[in-house]
Structure formats: structure tokens, C-alpha cells
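Me: I would like to check some of the labels attached to this model. Please set each value against its cut-off.

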Amino acid sequence: ETTYTIEELVAQLLEYARDLAVAHTDQRIKDCVITVPPFFNQAERRAILTAADMAGLKVLSLMSSNAAVALNYGMFRRKEINATAQNILFYDMGASSTTATIASYQTIKTKDRGYTETNPQVTVLGLGYDRSLGGLEMQLRLRDYLAKNFNEVKKTSNDVLESPRGMAKLLKEAGRLAKVLSANSDHLSQVEGVLDEEDFKLMVKREEFEDLCLDVFERIRAPIDAALISAGMDISAIDQFIIVGGGTRIPRVQTVLQEIWGKELGKNINADEAAAMGAVYRAADLGQGFKVKKFHVKEAIVFPIEIEVKSQKRVKTHWFQELTRKLLSLVDFERQIENEDGSTSTKVVKRSLFALGNSYPQKKVMTFNKHVADFNFSVNYAENEYLPKLEVLAANVENISHIVASGVTAAFAKHNQEGSEPKGIKAHFNMDDSGVLTLAAMEAVFEKSILVEEEKPEEEESTLSKLGSTISKLFFRVRR
């Protein structure tokens, strides 16, 4: 009767994986890089970090699986990457989901400790996905097909659909059968002791398997179209089309992709291990035990994020602040609007923080110029009108956090008395390598001008000295 949270279950899986790695390498392992689906939202990414912490693992970085695949492709092709951008589309169909990613490769110059280095970089330009399209959906349909045929044989009066153990056996056989049919036109399915000790045999043709999944195959193109739209490009701008994931081994899937691409599909990376190998390279780069050549990775924001200022309680302020508030109310985040019935309501202004497709890791500063008292605001997902309604529900893109900024009233009261000029309240946001958003700091900035009077020298100053004094008076400012 023990119950577990999702994080606890994932932690057990991560701990088991760590134990396998320890047994294989005969070394203590604590640091790791974990791949996650690119459509994981903020809550899901934080949950993975929580699970890793429960398992005693130090996460160097979370990495989207599509970015890990792109890194795996590029890390062995450094010599082919130059200043001219190369656009490659990766189509990854796994067990439970499918992603189409447009990645651009080119060399960039960066400064490190005063030295300029030229290293390759992969940037995710576009992403399309279907979170329920994958090999598992096809395997389940094949399982149900086997179950239906077993019942029709009537070897037993019991219904196999009501037997969890029998359905589990047929599910395992369906997975094996799907792999065999990828290379053969037909195959004899055999399962021992399906139900009531009765065995089952059935010859299954590839055409029958494909007929079961006709509507599934119709969904193959959608992620590609979504990736091209988000990248703002046509398929003619793609240099290579590479397939990844076990699901792409199904001949009908390759046929559909071949028709879309119109050329030969790329199969030059390991379909099963590409994401894991990309994560390994990132771990070696971020960890302390190895030194690898730099390969920069820029992922893309899937769900845009915005700032929304909420209604705030009126705070008793100094008369100067109250006057300032009234003067600035016309241009503040919260504007008072007069309704038809004569009442007033507050209009909340939204400002974009990270737009759809923005690259990360990235730091951004949001300045609140008009607030002179304590206030609060929310960090929310922006409107996702580009997503289908069912996907919005599945993505569960709800508010991220609510921020209360205190100390603003006191800061303005103090610096107004000193004659300082307010320069706004700055909020420093950080979207880190893991795609996790944090508010690093908030600060109120004031500027105070100090007039410096110099005594006249006994002797007449030269023209150059006079010019120097004038310049110093103009630019002598202290920022607090």
C-alpha cells in the first residue's frame, strides 16, 4: 500500500542507471547530464532536478534530447563546420514522442581570458513535435490485433483483454513483431501460455500492420511543418534530412519522410544512442575529469514567457512619492481606465521576457521605470495561440511564479530626500543551460549629481587646463 510521487519513481530509475554505470566503470559516479524532451515546461524540468537530487546525483545540466542529438552529429564533424551556416533537419521518432528539429551549424568567435577562440556552435532554429506519436502507439495497436485474433480462435472461454498478464505477454510479442516486420514482409507470431496455458500462433503480414496504423502515419508530416514555420524557412533551405530514433526504422515511416524530403534520407548517426552520446560529450565538457574541444549549444524557447504586473495594495507613502505616483499613473504598468458606468478598472500591461524561439542560455534585464512603491508581478507563459487546444492542455503551461518586490517604498523615501534621480527598478532574469528560469536579483538604481566647485588658482590657468576642468565637471557623476 506504499504510494510514491512521480519524482520519487524517477529518482529510483536514475539511481538504478547510476548503479549500472558504476558497475561498468568500477568508479564512483555523482555528476551527470540528463536529457529531457524539448517540450518539457518549467515545472517538469524542476521536477527532474528534484528527482536527481533525491537520487544523490549532481546535475551539471539538463539537455533537450533534440539538442543532444544535434551535438552528437556535430562533434565528429568539426572539420566540416565553417563560418557558412549549414541547416540540418533531424527527425526523431522514439517510443512515445516525435520531434522535428532544424539545427544550424557554423563557427563563432568567443573571448576567453583575453584570447579569441573560434569554435563550432549548433543553434536550434525551429522545433515541431507530437508528444504521443511514436513506436509505442503502433505497438499497442499490434497488441490489440493479436488479442482480437486470440479471442476469435476461442481456445478458452475467458477474454484475454481482461487478463493483465496475457495482455503483457502480447505487448512484448507485439514489440518484437514490429521490429521483425521492419525488415521482413511477414512473420509468424508465437506466444506461449497466453491465457489458461493456451499457446497462440498467427502469421502477420507487414501490410496488415500498416493498415492498423494508417491514421498514425498521417501525423508524420505535422512536426516537420511546425519546425519549418517556427524557423521561418522553407524545406528548400535545408541541407540535410537525418532520421533518428527506433520508430524511423519502420519502412512506411521512411517512405512518408522520403516523399516529403524528395531526396535520400540521412542515416549516418546511431538512431538509438545519439541523444545519450550527445549528453556524454556535454558532461565531459562541464565535468572536471575530462577536457574536450569546445562545442557551443544554443537551444530554443518552446513556450514564450512574459511579465504581467498584478494589482497592488495602496501603500502609504511620502507626499513626494504620492505626487510622483499620480503623475506617472498615465504611463505606468497599471493604467486606470474609466468604464461606461463611470467606474474605474485597472488595465494590466504585459511585456515579453523570452519570445518563442529565443536562444538560451541567456540573461535578460527587465526595467520597471514607473514604480515608486512596493509592487508585485507574475512571470507567466505567454499566449500559445500557435498550439492546438489539446496540446495546450497537455503542455500544462500555467503561471510560473509570483514575485513580490518589497523595499521599494523605503528606497525611494531615502534617496528622494538625498536628491537622487531614480533610474528604475531592474529585475535580472537568467534562463540557464538547463532551460530553467530564475530571478537572480532585483535592484533599485538611483543617480546623484554632485557639483564640484574648484578654487581659482593664483596664476592664470592655461587653455588646456581650463578645458580639462570643464570636462571633469561635465562627467563627474556618482551612481549608487
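Me: How do you know that the length of helix α5 agrees with its number of residues?
Reply: The model is a predicted one. Helix α5 covers residues 164–181, which is 18 residues, and at 1.5 Å a residue it should span 26 Å. Its end C-alpha atoms are 25 Å apart, so the two values agree.

Me: Which residues of α5 are buried, and what do they pack against?
Reply: The buried residues include Gly166, Met167, Leu170 and Leu181. The buried residues of α5 pack against α4, β6, β7, α6 and α9.

Me: Why is the pair of Tyr73 and Phe90 called edge-to-face?
Reply: The whole structure holds 11 aromatic pairs. In the pair of Tyr73 and Phe90, the centres are 5.6 Å apart and the planes make an angle of 70°. Centres within 6.5 Å make a pair, and planes over 60 degrees apart count as edge-to-face, so the label holds. Tyr73 lies in helix α3 and Phe90 in strand β3, so the pair ties together parts that are 17 residues apart in sequence. Both residues are buried.

Me: What makes the pair of Phe241 and Trp261 tilted?
Reply: The distance is 5.6 Å centre to centre, with 40° between the planes. Phe241 is in strand β8 and Trp261 in helix α9, 20 residues apart.

Me: Why are Phe241 and Trp261 called buried?
Reply: Buried means under 20% relative accessible area. Phe241 has 1% and Trp261 has 9%, so both count as buried.

Technical notes:
Residues numbered from 1 in each chain as written. Predicted model: local features only at pLDDT ≥ 70, side-chain atom pairs only at ≥ 80, totals over all residues. Heavy atoms only, no water. Phe/Tyr/Trp six-rings, centres within 6.5 Å; stacked < 30°, edge-to-face > 60°. Helix = DSSP H or I, 4+ residues; strand = E, 2+ residues; numbered from the N terminus. Buried < 20%, exposed > 50% of the residue type's maximum accessible area, 1.4 Å probe, protein only. Expected span 1.5 Å × (residues − 1). Contact = heavy atoms within 4.5 Å.
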